[in-house]
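Colleague: I'd like a quick tour of this one. Please keep it plain.

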Amino acid sequence: QVQLVESGGGLVQAGGSLRLSCAASGLTFSSYTMGWFRQAPGKEREFVAGVSRSGGITYDADSVKGRFTISRDNANNKVYVQMNSLKPEDTAVYYCAARPGVGVPAAPSSYNYWGQGTQVTVSS
């Protein structure tokens with residue numbers, strides 16, 4: 001079965017950096033668009049960044065543009081998000097998600113598979 005396992009979350013001071021990883025199994029990884037989402041307490045799950053199957057196309061949410069970078073390693077079935085210049089408002093549970101086929105949509109409902117999430121807390 002498909003499994004997505006996130007890692008790399010933690011507590012960091014404002015202005016710091018974290019790199020989240022997501023290891024995928026049970027799917028033909030290079031056939032799936034990958035996305036990172038986050039959900040803060042009391043808020044809806046929101047798109048952070050997405051990457052096409054080949055890694056050649058990426059999209060970032062306006063709130064993280066210039067600070068976060070998504071990438072993928074198809075040889076090792078992993079997707080990453082490098083998060084720099086973190087702010088307290090970036091505090092959330094971060095999820096990776098996968099969807100087959102083309103396109104990098106921002107809607108969570110467009111993704112078929114989800115990880116369990118990893119907590120990121122940014123202190124001021």
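Colleague: Let's start inside. D90 and R38: buried or exposed?

Modeller: Both D90 and R38 are buried. Buried means under 20% relative accessible area, exposed means over 50%, and partly exposed lies in between (1.4 Å probe, protein chains only). A word on the source: this is a predicted model, where local features need pLDDT of at least 70 and side-chain atom pairs count only at pLDDT 80 or more, while totals for chains, interfaces and linings use all residues. Residues are numbered from 1 along each chain as its sequence is written, and side-chain values use heavy atoms, with hydrogens and water left out.

Colleague: Got it. What do D90 and R38 form?

Modeller: A salt bridge, with the closest N and O atoms 2.9 Å apart. The term means a side-chain nitrogen of Lys or Arg within 4 Å of a carboxyl oxygen of Asp or Glu. The two residues are 52 apart in the chain: R38 sits in strand β4 (residues 32-39), D90 in the loop between β8 (78-83) and β9 (92-100). Strands (E, at least two residues) and helices (H or I, at least four) are DSSP runs, numbered from the N terminus.

Colleague: How many salt bridges are there in the whole structure?

Modeller: Three. R38 also forms one with E46, and there the closest N and O atoms are 2.6 Å apart.

Colleague: Why does R38 count as buried, and where does that leave E46?

Modeller: R38 counts as buried because its relative accessibility is 6%. E46 has a relative accessible area of 34%, so E46 is partly exposed.

Colleague: And which residue does R67 meet in a salt bridge?

Modeller: D90, at 2.7 Å from N to O. R67 is in the loop between β6 (58-60) and β7 (68-73) and D90 is in the loop between β8 and β9, so this pair ties together parts 23 residues apart in sequence. Shared partners join R38, E46, R67 and D90 into one network.

Colleague: New topic. What order do the strands take in the open sheet?

Modeller: Four strands, in the order β1-β3-β8-β7, with antiparallel pairing. Two strands pair if DSSP finds at least two bridges between them. β1 (3-7) and β7 are the edge strands, each pairing on one side only.

Colleague: How many bridges join β7 to β8?

Modeller: Six, and the two strands run antiparallel. In β8, K78 is the bridge partner of D73.

Colleague: What about N77? Where is it?

Modeller: N77 is in the loop between β7 and β8. Its phi is near 55°, a positive value in a residue other than glycine. Most residues other than glycine have a negative phi. N77 counts as partly exposed because its relative accessibility is 24%.

Colleague: On to the core. How many residues does the largest nonpolar core have?

Modeller: It has 34, and M34, W36, F68, V79, M83 and Y94 have the most contacts inside it. Such a core is a set of buried Ala, Val, Leu, Ile, Met, Phe, Trp, Tyr and Cys residues joined through side-chain atoms within 4.5 Å. β9 gives the largest share, five residues.

Colleague: What is F68 in contact with?

Modeller: Contact means heavy atoms within 4.5 Å. Leaving aside neighbours within four places in sequence, the partners of F68 include V48, V81, M83 and Y94. R38 and D90 are also among them.

Colleague: Last one. Which residues does the disulfide join?

Modeller: C22 and C96, with the sulfurs 2.0 Å apart. The rule is a pair of cysteine sulfur atoms within 2.5 Å, and the count by this rule is one. C22 is in strand β3 and C96 in strand β9, 74 residues apart.

Colleague: Are those two cysteines buried or exposed?

Modeller: C22 is buried, with a relative accessible area of 0%. C96 is buried too, with a relative accessible area of 0%.
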